[in-house]
Amino acid sequence: MEREILNLINDSLNVLIITHVNPDGDTLGCASALKSFIGDKADILIQIKDNFNFPSTYNFLPHINTSKNLSNLEDKYDLIIAVDIASFDRIIDNAKNIFSKAQNTISIDHHKTNKGYAKLNYIKGGISSTGEVLYDLFKALDIEITKDIAIGLYAAILTDTGCFKYESTTAHTFKIANELAQCGINTSEIADLCYTNKPKNLILFQSELISNAKFCLNDKIAYTLITKEILEKYRAKDEYTAGICETLRSIAGVEAAFVLKEMENDTKVSIRTKEIDATKIAQKFNGGGHKRAAGCIFLQRWAQP
């Protein structure tokens, strides 16, 4: 399959690399690495409505600042590659149409719940990150890992392993990180850019949500609600919600944490757990993800009591 993927990339005239909605470091890092490898005939689509929601934390990634969004996307691609997108529902409708019409489509992913919606599916469920999957793909094809590719892959792996602390982190993950570090990248700087360069409004936004968290079942469950009002109050970008659920989970005694975010016509739910299988919760609502980190969408809106 690895050779088939390379042949499709080489034979295609125009390639579109798609990140998932509410993009994180893994999907953006992989998109950056793929663009660095493929070159000028490839574009990256970040699934946002406009530049207001651009995930500025990851501006340092090669090629991210030249990405397309839904307002300036052309319908010209004969190959579309979805990176770190666990299900077809994680693609916005306008992009779905382009994806469905493309002559060839590839999904590269690490989610166990990915059922394979593309024509060619390269899915390694349970691996630490799609960055790790993509690295192994490059190595299987004897593709040179340049400095730009290494920056994208390292950021992908670093962020999706929670700085190498999640249980999906293995000896192989550390081996890859070591090999990427030898490509001339500044690992300390990448970590700082991902984690210690946050806007003031992001900190204030997250602080209010955490201080308003509710607890139940003898404090084993923690949850907080993100309303449109609080989003507007802090002019919060999509990236501002990242990490809130993990913070709630980190509280002693909490077994499962939930963050519910009010959208236009539905509610996005993030789930983080310690021992409970988060995918079993998410799948009851047609969601998915990982054993300790999953998500789903409620199709009806809620209102605060």
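Trainee: Which residues are buried in helix 4?

Mentor: This is a predicted model, in which local features need pLDDT of at least 70 and side-chain atom pairs count only at pLDDT 80 or more, while totals for chains, interfaces and linings use all residues. Residues are numbered from 1 along each chain as its sequence is written, and side-chain values use heavy atoms, with hydrogens and water left out. Buried means under 20% relative accessible area (1.4 Å probe, protein chains only), and helices are DSSP runs of H or I with at least four residues, numbered from the N terminus. In helix 4 the buried residues are T130, G131, E132, V133, L134, Y135, L137 and F138. Because eight of its 11 residues are buried, helix 4 (residues 130–140) is largely enclosed by the rest of the structure.

Trainee: How do helix 2 and helix 4 pack, and at what angle?

Mentor: Two packed helices are described by the angle between their axes and the distance between the axes. Axes are lines fitted to C-alpha atoms over the stretch in contact, and angles run from 0 to 180 degrees between N-to-C directions. Here the angle is about 25° and the axes of helix 2 and helix 4 are 9 Å apart; the two helices are therefore roughly parallel, a term for angles under 35 degrees. The contact (heavy atoms within 4.5 Å) involves D26, C30, A33, L34 and F37 of helix 2, together with T130, G131, L134 and F138 of helix 4.

Trainee: What follows helix 4?

Mentor: Helix 4 is followed by D142, whose phi is positive, near 55°.

Terms used
Buried < 20%, exposed > 50% of the residue type's maximum accessible area, 1.4 Å probe, protein only. Parallel < 35°, antiparallel > 145°, perpendicular 65-115°, else oblique.
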